[in-house]
Amino acid sequence: MGKQFTLSASDSFKLGAYRADPAGTPKGGIVVIQEIFGVNQHIRKVCDDFAKEGYAAVAPALFDRTQKDFQCGYTPPEIEKARTFVAKPDWDAMMRDTDAAIKELKSAGPVGIVGFCMGGTIAFLGATRLSGLSAAVGYYGGRIVAFADEKPKCPMQLHFGEKDASIPMTDVEIIKQKRGGDCEIYVYKEGGHGFHCDERGSFHKDSRDLGWQRTTEFLAKHMKK
């Protein structure tokens, strides 16, 4: 369904990206932000799923500045390797690359951003630091708590799993205290880290289905042309 292409960031850096388009005229654009596993099969599928919902979707390859075309699966060695990319994240560079994807989608109509894992934090930062977004959704973004004093410039929805071993509920409570007034925040009782991804051991179908319903309804509400 989709295609690989190249984006150009504001500092002229060229990065790869995946794009999926709907069958008809798009009702808007969605920037899909990867986990630490790159623009892999799961993230491409998320783009395809948004295309089925009527959106043009673009997933920028945010690790291209470190290693071109990095993508992997979810075995313990692959997870270990992927973690090295976020030992010292360059958030500013990722913002530039995310902004390139937002600009790419402007012609599609209103633009939203949806991110998972590391991408959940990027989606939050995109909402607070970038312009041109009508809505933002973050799934299990582990570093959001460190930036929770920043105020989103667009409507924001956040999803967390109560069984997430890498994001303590105390962090979620801090986010709720600081951002509960301007973010919709949902906690899934049976959800672990990565519950949306059906390729991971932590996949939880009921949490995924409810989260996706809330995500698509939220985007439809805030991304009207």
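**View 1. V32 and its contacts in the predicted model.**
V32 touches I43, V46, C47, F50, A57, V58, A59, P60, V114 and F116. That list leaves out residues up to four places away in sequence. The model shown here, and in every view below, is predicted. V32 belongs to the largest nonpolar core, which has 78 residues. Within this core, V32, F50 and L219 touch the most other members. Helix α3 (residues 91–105) supplies the largest share of the core, seven residues.

**View 2. An open sheet of eight strands.**
Follow the strands across the sheet: the order is β1-β2-β4-β3-β5-β6-β7-β8. The pairing is mixed. Which strands form the edges? They are β1 (3–8) and β8 (183–188), and each pairs on one side only. From one strand to the next, the twist averages 20°.

**View 3. Strand β1 beside strand β2.**
β1 and β2 (residues 14–20) run antiparallel. Six bridges join them. Look for Q4: its bridge partner in β2 is Y18.

**View 4. Helix α5 on the sheet.**
Helix α5 (residues 169–179) packs on the sheet. The helix touches β7 (156–161) and β8. Its direction makes about 160° with that of β8.

D49 forms a salt bridge with K45. Their closest N and O atoms are 3.0 Å apart. Both residues lie in helix α1 (residues 41–52). They sit four residues apart, about one turn of the helix. Is D49 buried or exposed? D49 counts as buried, because its relative accessibility is 16% and the cut-off for buried is under 20%. K45 is partly exposed, with a relative accessible area of 37%.

**View 5. A salt bridge between a loop and a helix.**
E150 forms a salt bridge with R129, with the closest N and O atoms 2.7 Å apart. E150 lies in the loop between β6 (135–139) and β7, while R129 lies in helix α4 (residues 118–129), so the pair ties together parts that are 21 residues apart in sequence. E150 counts as partly exposed at 22% relative accessibility. R129 also counts as partly exposed, at 33%.

R208 forms a salt bridge with D209. The closest N and O atoms are 2.8 Å apart. R208 is buried, with a relative accessible area of 17%. D209 counts as partly exposed, at 29% relative accessibility. How many salt bridges does a search of the whole structure find? The search finds 21.

How values were computed: Residues numbered from 1 in each chain as written. Predicted model: local features only at pLDDT ≥ 70, side-chain atom pairs only at ≥ 80, totals over all residues. Heavy atoms only, no water. Pairing = 2+ DSSP bridges. Helix = DSSP H or I, 4+ residues; strand = E, 2+ residues; numbered from the N terminus. Axes fitted to C-alpha atoms, helices over the stretch in contact; angles between N-to-C directions. Contact = heavy atoms within 4.5 Å. Core = buried A, V, L, I, M, F, W, Y, C linked by side-chain atoms within 4.5 Å. Buried < 20%, exposed > 50% of the residue type's maximum accessible area, 1.4 Å probe, protein only. Salt bridge = Lys/Arg side-chain N within 4 Å of Asp/Glu carboxyl O.
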